[in-house]
There are 4 protein chains.
Amino acid sequence: MLFTERDYYEDVVTMLNDRGVQLTDIAELVVFGQRNIIDLSMDIALDSVQHVLHKTEAQDAIMTGLAIDDLAEANLLPQPLQTRIDQDHGTYGVDEQIVMSILGVYGTISWTNFGYLDRLKPGIVGRLNDEQHNGGRVNTFIDDIVSAIAAAAQARIAHD
Amino acid sequence: MLFTERDYYEDVVTMLNDRGVQLTDIAELVVFGQRNIIDLSMDIALDSVQHVLHKTEAQDAIMTGLAIDDLAEANLLPQPLQTRIDQDHGTYGVDEQIVMSILGVYGTISWTNFGYLDRLKPGIVGRLNDEQHNGGRVNTFIDDIVSAIAAAAQARIAHD
Amino acid sequence: MLFTERDYYEDVVTMLNDRGVQLTDIAELVVFGQRNIIDLSMDIALDSVQHVLHKTEAQDAIMTGLAIDDLAEANLLPQPLQTRIDQDHGTYGVDEQIVMSILGVYGTISWTNFGYLDRLKPGIVGRLNDEQHNGGRVNTFIDDIVSAIAAAAQARIAHD
Amino acid sequence: MLFTERDYYEDVVTMLNDRGVQLTDIAELVVFGQRNIIDLSMDIALDSVQHVLHKTEAQDAIMTGLAIDDLAEANLLPQPLQTRIDQDHGTYGVDEQIVMSILGVYGTISWTNFGYLDRLKPGIVGRLNDEQHNGGRVNTFIDDIVSAIAAAAQARIAHD
């Protein structure tokens, strides 16, 4: 069977917006991630983010990760998974595994970009992370997903 | 912060049993996967499956994947994710991405074992797959997870 | 720095031909891998193989893997690496790791295709494998590389 | 066939030393990578590095990557691979692919540690990188390998 793929671009943009993430927030991460390497304009960064968000692999990872966050927030996951995710437990690695689908599309050079953003937590990544650790909503997957979109967008620019 | 890890072995065995999967079903996949390579006893195969199920990485992947199947079965996922998962759509790859956490622990040789089981669908893998495609419950993640546990258990035996 | 990428398509086709692998051999693997799923013509299969071979990630993996085989054949690798590679040692997994660069480009569904070809060893894969195990030249990387190109080409068709 | 695995620990330590890398250099990266997270002693860091270096997957990745650097340094690689590696071309990603074998052993949390070291290039990583970019020897693989060993050693500590 061959697949006629629908493009879920509008869906994933809406889901990100509903979680307080604008595409310009992600474009800022792209610019931040490339400082000291290349001087990127926000226009080029935003365009690359939009390209990444048109990829089926990225869309599925985003839809799945954001749904898990929301289900954890609604306390709908079975135990002990619920606790592992809502506490963002240090050895829980499925969030980082899932974003490999996004990173994989633009090759291995995106992994380094991802690790850099994930450790420094600039801009929206830090805000999402702080929100959860200050007792706010579950953002276990979304912070990795946002970093991965930005990392893939950087790799895409480097490849072009 | 250092983590004192709990072992969720009993939890994941119960979850698998609740979905109709016994550890002996997985051990049979181990024996099947190694036929024409080595002649494995069910005892050695079962012991290796149990070792894999004590790994934190495997436990998190199993708990997460089985929860997604159950939430899809209960129609609790947001659209369009709900439809992509309950129809086991051919380009949806998050199930295969998640099981990489299980396969990674015993190295790259487990990927081949996984692909072989995933394509031939012997024993319990075929039964889970048929159940879903015959209008039964959602098994989108569990069939990959069961194949991955067996693939990792084979790689663990090869490494020892 | 932005990269102006050269396309090494002609180089990698020549390298494969020099090792006795024609693109039609790989196209045959594509058709074999999809039997019982879709009925592919050799034309569609060959076209997809050619598309994969235009990807930078695939080109680098191919050039690197084939070079290692050749250096092992010429006995130019340091010990104990030389022996591990020329004996195609069962736990040596760098060959399978490298082909992940090829498989990654078309997403996780290509891993299953790869494992299936790698275990069944149809056509050219079996011939390369037999040559080495019958005392012929070192083919430790090329058999995985050829399977991975075919696996990626299958995934590319499924995505379209 | 079951494999009786030899431990190549002494071999890989010698190879690293021959390239000017001491295990204490890597232990320093472990401590650096965890600053602001946990306060690690050099003893704990060094012990974890030694554990990582006993893993077959790590040993094969190290032996292979260092051999490629040395062959590039000796101008023994075929073109155009020789130029892509000795110039450490920005889109060449096989070095980062290979170190996934090291990172995979201790799970996905090591990827972030790797990206952080790879971008900040502290200590020995920076020295190796500078040497190549100042016209010294080819260090295309070794800088990633050293970062990956340190990243895996950090993940191992977090898991314990």
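In chain B, the axes of helix 2 (residues 23-34) and helix 9 (residues 142-159) come within 9 Å and cross at roughly 55°. That makes helix 2 of chain B oblique to helix 9 of chain B, since angles under 35 degrees count as roughly parallel, over 145 as roughly antiparallel, 65 to 115 as roughly perpendicular and the rest as oblique. The model is predicted, with pLDDT of at least 70 needed for local features and 80 or more for side-chain atom pairs, while totals for chains, interfaces and linings use all residues. Residues are numbered from 1 along each chain as its sequence is written, chains are lettered from A and ligands numbered from 1 in the order in which they are written, and side-chain values use heavy atoms, with hydrogens and water left out.

**Helix 2 against helix 9, chain B**

- Helix 2 of chain B passes helix 9 of chain B in a right-handed crossing (the near helix is turned clockwise from the far one by less than a right angle).
- From helix 2 of chain B, the contact (heavy atoms within 4.5 Å) is made by Ile26(B), Leu29(B), Val30(B), Gly33(B) and Gln34(B).
- Helix 9 of chain B contributes Val146(B), Ile149(B), Ala150(B), Ala153(B), Gln154(B) and Ile157(B).
- The residues of this contact divide into eight nonpolar, three polar and no charged; Ala, Val, Leu, Ile, Met, Phe, Trp, Tyr, Cys and Pro count as nonpolar, Asp, Glu, Lys and Arg as charged, and the others, Gly among them, as polar.

- Helix 3 (residues 42-52) of chain B packs with helix 9 of chain B at an angle of about 110°, the axes being 8 Å apart; axes are lines fitted to C-alpha atoms, for helices over the stretch in contact, and angles run from 0 to 180 degrees between N-to-C directions.
- That makes helix 3 of chain B roughly perpendicular to helix 9 of chain B.
- The contact joins Ile44(B), Ala45(B), Asp47(B), Ser48(B), Val49(B), His51(B) and Val52(B) of helix 3 of chain B to Ile149(B), Ala152(B), Ala153(B), Arg156(B) and Ile157(B) of helix 9 of chain B.
- By class, this contact in chain B has eight nonpolar, two polar and two charged residues.
- In chain C, the axes of helix 3 (residues 42-52) and helix 9 (residues 142-159) come within 8 Å and cross at roughly 110°.
- Helix 3 of chain C and helix 9 of chain C are therefore roughly perpendicular to each other.
- The residues of the contact of helix 3 of chain C with helix 9 of chain C divide into eight nonpolar, two polar and two charged.

**Cavities**

- The whole structure holds five cavities of 30 Å³ or more; on a 1 Å grid over the protein atoms alone, a cavity is a set of points where a 1.4 Å probe fits but cannot get out, and lining residues have an atom within 4 Å of a point.
- The largest cavity has a volume of about 460 Å³, a volume being the space filled by probe spheres set on the points, which are joined across faces, edges and corners.
- Of the 34 residues that line the largest cavity, Met100(A), Met100(B), Met100(C), Met100(D) and Trp111(D) are the closest to its centre.
- Helix 6 (94-104) of chain A, of chain B, of chain C and of chain D each supply at least two residues of this lining; helices are DSSP runs (H or I, at least four residues) numbered from the N terminus.
- The lining of the largest cavity has ten nonpolar, 20 polar and four charged residues.

**Backbone features**

- The peptide bond from Gln79(B) to Pro80(B) is cis, with omega near 5°, and Pro80(B) is found in the loop between helix 4 (56-73) and helix 5 (81-86) of chain B.
- Asn36(C), which is not a glycine, has a positive phi of about 75°.

Terms used
1 Å grid on protein atoms, 1.4 Å probe; cavity = no way out; pocket = protein on both sides within 12 Å on 5 of 7 lines; lining within 4 Å.
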